[in-house]
Every structure is written in C-alpha cells, then in structure tokens.
Amino acid sequence: MEKLLVLSILTSVISSGSSDTNMFGGRCSKSDPNVDACLLRSFNTLVEYLKGGAPEFGIEEAEPIIIDELSIALGGGPDGYRATFKDIHATGVSNMTITNVRSDPETHQFQLTLFGPHISARARYRSSGVLLLVRASGGGDYWGEYDGVKAKVYFRGEPYERDGRTYLRLQQLKLDFSVKDIEMGVENLHNSNAVLQAALNLFINTNAQELLKEMKPELKKDLAEKMSRFLERILDHIPYDDWIVD
C-alpha cells in the first residue's frame, strides 16, 4: 500500500526546478509568522501541478503506484503462516492532499500531514502454513480497499551553495501512516477450494489492522528508501531559495 503514499508525499515537498514559482503557489518568507500556512498552500498547488506527471523533473504520472514485494509472517515453527504479495498496484494516491505543515526554515526541518479518502490495491499473492486450523498454502490474487489514509512525513535538509543559488541536500527522512477502515481479501486461489478461500477472507478481514501492522515495518523502510532517492534527485535540480526566502 502505501507506495500508495509515495508520490503524493514526495510531490508535496518539492518545488519548481525552473524558477517558475507560480507552479507551486509562490515563495514563502521564513520570517512570516504564518509561513506554515503559506507552505501548505504552495505545496498543495504543486501537488495539483504534478498529478499528471512532470517530465522536466523526471516525474511520471502519479498512478498507479507500484511496490515490488511485501511479506508478512504470523506465528513460528514449520506451520507458521507466511504470505508474500508481489507486483502491488495502488490507485487513489493522487487524491491525497496535505492538511497541515509544521516547519522550522532556520534549521531546514519540515513535517507534513497528509490525508487520502480512499486507496485501492491489487497484487499477486502466495502463502504457506496453517491459518485457522486450515492448511493455507497456495496463491492467487489479493485486493485491498483502504479508507481514511493519514500519513506524516518528516524531513531535514542541509543547505549548500551552487552557481550562486542555495540548494537543500536531504539529511534525514521519516514517515508513518495509519488507515481508518480496511477491507481486503484473496480470490482466484490456485489449487484451492471455496472453503479455504472463505476461511482466508474471514481471517484477513477480521484481522485487517493487525495484518497492516505486520506489513508496516517493511512498507515504511521501502517507502523511505524510495522517497529519499527521489528527493535527492529532485532537490538537486530545485533551488531552495525558490520556495523559501529570507
């Protein structure tokens, strides 16, 4: 899921590489007591601009978001349940908006809060082990519907000068997310039957938040790595003084 969150988060923290400040709503003064409100407007303006992609920044169209692979493990021993999700395609992230910004421009630290009403995910699924006293080895298709997605992203940069302009080099990035309501399940199971599929779907939906909790560490690590690489590339082309001024 949540590379589900990646492009919306990323596009919300960058600004125009061509010094066209209209693209992201204009510059914000760090001496303005309402600088966070200014950044909120500017970042959301940029999100709208980048939804359809921006070749000048090397940014593709926002959807679908693709995650190569995620795994979960429930229980130990030879019969412990294991599941792997591959080729995860997520849609709906382009509808995410930034709802709050907290910044410290003097120390180049920013925290963004985002909200998305609905995100859908599809993937290929394989599992092994025992689930609800049923041997749950096999594979098929996974689907997930996530409502009320909230995310927080914190990043810190270090300024440096290049060609007479100030740029920001990414030093640290952290993220976390939550989902209010989840519906998910598996279908088209290989070498299986209706009883096993019903048992799996009962377990999955009854324990949706716990399953998401199991996925979270791997998701957060994957998203943070991808986001950091993306920001490093983008910030290398976008002057910091195009979006924050004295």
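Tutor: Let us begin with helix 2 of this predicted model, in which V35, C38, L39, S42, F43, N44, L46, V47 and L50 are buried. Helix 2 covers residues 35-50 and reaches 22 Å from its first C-alpha to its last, close to the 22 Å expected.

Student: Why is the pair R27 and D242 called a salt bridge?

Tutor: The closest N and O atoms of R27 and D242 are 3.0 Å apart. A salt bridge requires a side-chain nitrogen of Lys or Arg within 4 Å of a carboxyl oxygen of Asp or Glu, so the pair R27 and D242 qualifies.

Student: Why is D242 called buried?

Tutor: Buried means under 20% relative accessible area, and D242 is at 0%, so D242 counts as buried. R27, at 41%, lies between the limits of 20% and 50% and is therefore partly exposed.

Student: How do you know that strand 4 and strand 5 pair?

Tutor: Pairing needs at least two bridges, and 7 bridges join strand 4 (residues 97-104) to strand 5 (residues 109-128), so the two strands pair. They run antiparallel, and the bridge partner of N100 in strand 5 is T113.

Methods:
Residues numbered from 1 in each chain as written. Predicted model: local features only at pLDDT ≥ 70, side-chain atom pairs only at ≥ 80, totals over all residues. Heavy atoms only, no water. Helix = DSSP H or I, 4+ residues; strand = E, 2+ residues; numbered from the N terminus. Expected span 1.5 Å × (residues − 1). Buried < 20%, exposed > 50% of the residue type's maximum accessible area, 1.4 Å probe, protein only.
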